[in-house]
Amino acid sequence: MQTIDLAATTLRELNAALQGQTASTNQTEWEILNPRGAHALAVGLDAPIEVTVRGSTGYYCAGMNKQATVRITGSAGPGVAENMMSGTVVIDGDASQYAGATGRGGLLVIKGNASSRCGISMKGIDIVVHGSIGHMSAFMAQKGNLVVLGDAGDGLGDSLYEARLFVRGAVKGLGADCVEKEMRPEHLEILRDLLARAEADASPEEFRRYGSARSLYHFRVDNASAY
Amino acid sequence: MTERTPPRALPRQSATFSNETNSEIRRAAATGIYAIRGGGAKRKVPHFDDLLFLGASISRYPLEGYREKCATDVWLGTRNARKPLHLEIPITIAGMSFGSLSGPAKEALGRGATAAGTSTTTGDGGMTEEERGHSRTLIYQYLPSRYGMNPDDLRRADAIEVVVGQGAKPGGGGMLLGQKITERVAGMRDLPVGIDQRSACRHPDWTGPDDLEIKILELREITGWEKPIFVKIGGARPYFDTALAVKAGADVVVLDGMQGGTAATQNVFIEHVGQPTLACIRPAVRALQELGMHRKVQLVVSGGIRTGADVAKALALGADAVSIGTAALIALGDNDPRWEEDYRALGTTAGAYDDWHEGRDPAGITTQDPALAARLDPVEAGRRLRNYLAVMTLECQTIARACGKSHVHNLEPEDLCALTIEAAAMAGVPLAGTDWIPGLSGL
């Protein structure tokens with residue numbers, strides 16, 4: 001276990017050390033102490049290492065992550081795991097705005113709640129939120145799966161493309177062009193797998209699926225009021 | 001006696017309801033959708049043509065045109081980046097996406113820019129091998145859509161440009177209509193094939209200058225503080241936007257006036273939102289000067305740059321470099337009269353063609369149609385761009401020498417006068433034949 005204390009190490013030194021790991025590294029376990037809400041922690045990683053941040057983080061923790069597993073034992077600030085490519089990011093606490101924004105791959109697990117715009121413009125990432133999510137989540141979501149065990153705020157899935165949204169609780173309101181869709185067997189399989197990987201205690205049958213009605217995919221005068 | 005017909009006045013067209021205006025009313029009435037087009041503002045606005053250089057005389061010595069050196073190189077990104085860019089000429093190629101442009105067109109831009117010693121820029125569609133492979137210096141745009149964004153391309157870029165806005169549509173997002181969303185374009189953007197794609201106008205994970213500062217920190221941390229970070233703004237509020245970009249940590253501010261082009265957006269946006277390039281430069285320079293950052297944070301100006309004289313005027317007003325988009329496409333072959341027959345078939349004419357969003361470009365530049373794209377030879381087109389950049393540079397040097405400058409960056413507002421009151425006010429230089437700078441001196 002490699003331990004880096006941010007009370008005695010600069011952000012640059014920390015990120016350089018983590019980014020310097022390669023696929024063949026034997027330093028696979030890392031622990032970061034005293035994050036104290038620092039921004040841009042553990043960003044741009046690209047190796048199969050496990051990083052545990054003991055505490056809460058500021059903006060963009062684990063941004064653009066590839067391969068690595070990053071666990072935050074506290075809560076995460078805005079944009080956690082933004083544009084993640086692969087790997088896993090787990091937040092034991094809550095996540096602020098834009099969690100998993102534009103993520104292109106990998107799995108983001110939020111054990112608490114996520115604020116507004118969770119999964120905004122997601123492009124292939126899978127996100128599982130054990131709690132509830134705020135308004136305008138999955139705005140313009142393109143690909144991937146967003147699973148919410150709790151409730152969803154207003155404007156869910158506004159202007160979304162091909163992302164799949166699964167919500168167990170109440171949805172305050174759907175955004176433009178977002179509709180409830182039939183839950184087919186293949187969706188239950190996707191859900192079962194994601195719930196298991198996210199250590200979520202829920203049954204796929206309890207969820208509803210939402211997706212794009214695809215009515216705004218082309219400009220039409222009749223849709224003017226929807227924009 | 002024969003009865004004489006009384007004379008009649010000629011039919012009078014309305015200046016308000018011109019034929020052009022009426023045709024747009026009829027088009028809107030028939031279709032129910034706003035007009036979408038490519039390019040920048042077509043209306044006449046005060047521009048660099050309204051400025052003149054004074055040249056040297058008894059009070060200033062000129063440099064010998066063919067004997068004394070007039071340098072043109074420029075450093076971009078010296079504030080924070082470990083590897084700032086060093087370009088041979090102060091003219092760069094603006095961001096244009098693969099998707100809006102064909103692969104061969106992106107390759108041609110890379111070839112021409114590299115031969116001329118300058119940079120190219122990606123656009124709202126990710127980085128292609130065509131442009132990375134043929135661009136010695138490539139700036140990677142970081143846009144609200146984040147199409148194709150990934151850390152590997154960030155790291156193989158030479159600089160990163162955070163796009164906040166552009167001159168053609170400050171406050172608006174990108175647009176790419178279904179005709180151009182081919183399998184390859186859709187794959188790069190993670191979108192279904194054939195949809196009318198609308199990019200977001202705001203970044204998904206930050207709002208405001210305080211957030212931008214943290215976003216820039218993240219990008220620097222991901223790329224090891226190696227790459228210059230540019231921030232591109234549209235010509236909306238150049239004084240405040242420049243100051244806020246500097247506050248957020250930008251190494252370079254790219255300022256795009258309303259004549260700057262776009263691949264596609266609403267015509268009403270292009271013509272009615274934003275300020276002319278000429279009106280934007282001095283407020284931006286003033287912001288830099290007041291912060292003690294002029295020449296430390298470099299200013300790149302774009303929007304309607306066509307000639308070496310335009311370049312020289314932008315530099316004289318305080319820019320460190322300029323960027324060209326529309327002019328570069330014309331150099332490649334866009335709107336060339338050799339395709340007139342094809343333009344006519346599309347209901348337009350060479351020089352006026354702006355339906356870039358439709359993907360039927362006869363010149364094979366703003367298209368994803370393989371047959372049309374094949375019309376553009378990237379080697380030949382790249383050579384034309386190289387030649388054009390060389391001519392612009394020579395023209396700029398010619399003017400600088402005539403003003404007694406050994407480097408084009410030594411050009412200054414005192415070398416200029418204005419032909420109109422409007423241009424004098426916008427550029428902050430005296431009206432020709434007077435000492436009057438409207439808004440600054442006298443009445």
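Colleague: Which residue is the bridge partner of Glu50(A) in β4(A)?
Modeller: Thr69(A) is the bridge partner of Glu50(A) in β4(A). Strands here are DSSP runs of E, at least two residues, and helices are runs of H or I, at least four, numbered from the N terminus. Before we go on: this is a predicted model, where local features need pLDDT of at least 70, side-chain atom pairs count only at pLDDT 80 or more, and totals for chains, interfaces and linings use all residues. Residues are numbered from 1 along each chain as its sequence is written, while chains are lettered from A and ligands numbered from 1 in the order in which they are written.

Colleague: In what sense do β3 and β4 of chain A pair?
Modeller: Parallel, over four bridges. β3(A) covers residues 50-54 and β4(A) residues 69-72. Two strands pair if DSSP finds at least two bridges between them.

Colleague: How many strands form the open sheet in chain A?
Modeller: 11 strands, in the order β1-β2-β3-β4-β5-β6-β7-β8-β9-β11-β10, with mixed pairing. The edge strands are β1 (2-5) and β10 (178-181) of chain A, each pairing on one side only.

Colleague: Which helix packs on the sheet?
Modeller: α2(A), residues 185-197. Among the strands that α2(A) touches are β7(A) and β8(A), and its direction makes about 65° with that of β8(A). Contact means C-beta atoms, placed from the backbone, within 7 Å. Axes are lines fitted to C-alpha atoms, for helices over the stretch in contact, and angles run from 0 to 180 degrees between N-to-C directions.

Colleague: And what is the secondary structure of chain A overall?
Modeller: Two helices and 11 strands. The C-alpha atoms of chain A fill a box of roughly 60 × 35 × 30 Å along the principal axes.

Colleague: Switching to chain B. What is the strand order in its open sheet?
Modeller: Eight strands run β5-β15-β14-β12-β11-β8-β7-β6, and the pairing is parallel. β5 (91-93) and β6 (119-121) of chain B are the edge strands. Inside the order, β8(B) (159-163) and β11(B) (229-234) pair over four bridges. Ile160(B) has Ile229(B) as its bridge partner in β11(B).

Colleague: How many residues of each chain are in contact with the other?
Modeller: 35 of chain A and 21 of chain B. On the chain A side, α1(A) gives the largest share, three residues.

Definitions and conventions
Contact = placed C-beta atoms within 7 Å.
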